[in-house]
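Colleague: I would like to learn how to read a protein model feature by feature. Could you walk me through one?

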Amino acid sequence: FKFIKIGLNGERQKIYDRINLRVDMMIENGLIDEAKKLYPKRNLNALQTVGYKELFLFFEGVYTKEFAIEEIKKNTRRFAKRQLTWFRKDRDIIWFDFKEEPLNIIKTIENKLSNF
C-alpha cells in the first residue's frame, strides 16, 4: 500500500481547552454511568485507561467527583502531549493547522498522491 500520513496541529492551549471541553461533554453524556457498569471489571487491563481509572477511584472514595474529573482532564492533556511528541518524530507526516481550509489540505494530498 502507498499511503500519506497527515496530522492536525494547533496551539497547545487551544488543544488543552478542547480536551477539557470534551471531558465535560463525556461526563454530561454518561461517562460516569458507563464507568459504574464497568466497575465490577475494573481489574481488567483494558479498563486501566484515562477516564475509567480516575472514576474508579471516585467510586472507592479516594477522589471526590470534581477531583476525578480534573484528573481525567489533566491525564488526557498529558497523554495528548506524549502523542504529539511521538508523532513529531515521524518525518513522513504532513502537518496542517486545524484551522487550515479543508480544500487546501485536499489539494496538498492530491498533489502528493500524483507523485506516487
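Modeller: Gladly! Let's begin with a cut-off: a residue is called buried under 20% relative accessible area, exposed over 50%, and partly exposed in between. Keep in mind that this is a predicted model.

Colleague: Then where does Phe-59 fall, buried, exposed or partly exposed?

Modeller: Phe-59 has a relative accessible area of 24%, so it is partly exposed. Phe-56 has 5% and is therefore buried. Tyr-52, at 15% relative accessibility, counts as buried too.

Colleague: Those residues are aromatic. How should I read a pair of rings?

Modeller: A pair of aromatic rings is described by the distance of the centres and the angle of the planes. This structure holds six aromatic pairs. In one of them, Tyr-52 and Phe-56 are stacked, with 6.0 Å centre to centre and 10 degrees between the planes.

Colleague: Which residues do ring pairs link into a cluster?

Modeller: The cluster consists of Tyr-39, Tyr-52, Phe-56, Phe-58 and Phe-59.

Colleague: Let me turn to the nonpolar core. Which residues of the largest one touch the most other members?

Modeller: That core has 15 residues, and Val-23, Ile-27, Tyr-52 and Leu-55 touch the most other members. The elements giving two or more residues to this core are α1 (12-28), α2 (31-38), α3 (52-59) and α4 (65-88).

Colleague: Now a polar example, please. What joins the side chains of Asn-9 and Arg-88?

Modeller: A polar contact of 3.4 Å joins them. Asn-9 is in strand β1, residues 5-9. Beyond four places in sequence, the contacts of Asn-9 include Ile-15, Leu-84, Trp-95 and Phe-98.

Colleague: Finally, let's step back to the whole chain. In what order do its elements run?

Modeller: From the N terminus on, the order is β-α-α-α-α-β-α, with five helices and two strands in total. The radius of gyration is 19 Å, well over the 13 Å that the globule rule gives for 116 residues, so the chain is more spread out than a compact globule. Its C-alpha atoms fill a box of roughly 55 × 30 × 25 Å along the principal axes.

Colleague: How far apart are Tyr-52 and Leu-103 in space?

Modeller: They are 38 Å apart, C-alpha to C-alpha, and 51 residues apart in sequence.

Colleague: And what can I say about burial and surface?

Modeller: Buried residues make up 25% of the 116 residues. The chain exposes about 8900 Å², and carbon and sulfur atoms supply 54% of that area. As for contacts, among those between residues at least 6 apart in sequence, 58% join residues at least 24 apart.

Note on methods
Residues numbered from 1 in each chain as written. Predicted model: local features only at pLDDT ≥ 70, side-chain atom pairs only at ≥ 80, totals over all residues. Heavy atoms only, no water. Core = buried A, V, L, I, M, F, W, Y, C linked by side-chain atoms within 4.5 Å. Buried < 20%, exposed > 50% of the residue type's maximum accessible area, 1.4 Å probe, protein only. Helix = DSSP H or I, 4+ residues; strand = E, 2+ residues; numbered from the N terminus. Polar contact = N/O pair within 3.5 Å; in protein donor to acceptor, adjacent residues only side chain to side chain. Contact = heavy atoms within 4.5 Å. Rg over C-alpha atoms; globule rule 2.2 N^0.38 Å. Areas by Shrake-Rupley, 256 points an atom, 1.4 Å probe, with all protein chains shown as cover. Phe/Tyr/Trp six-rings, centres within 6.5 Å; stacked < 30°, edge-to-face > 60°.
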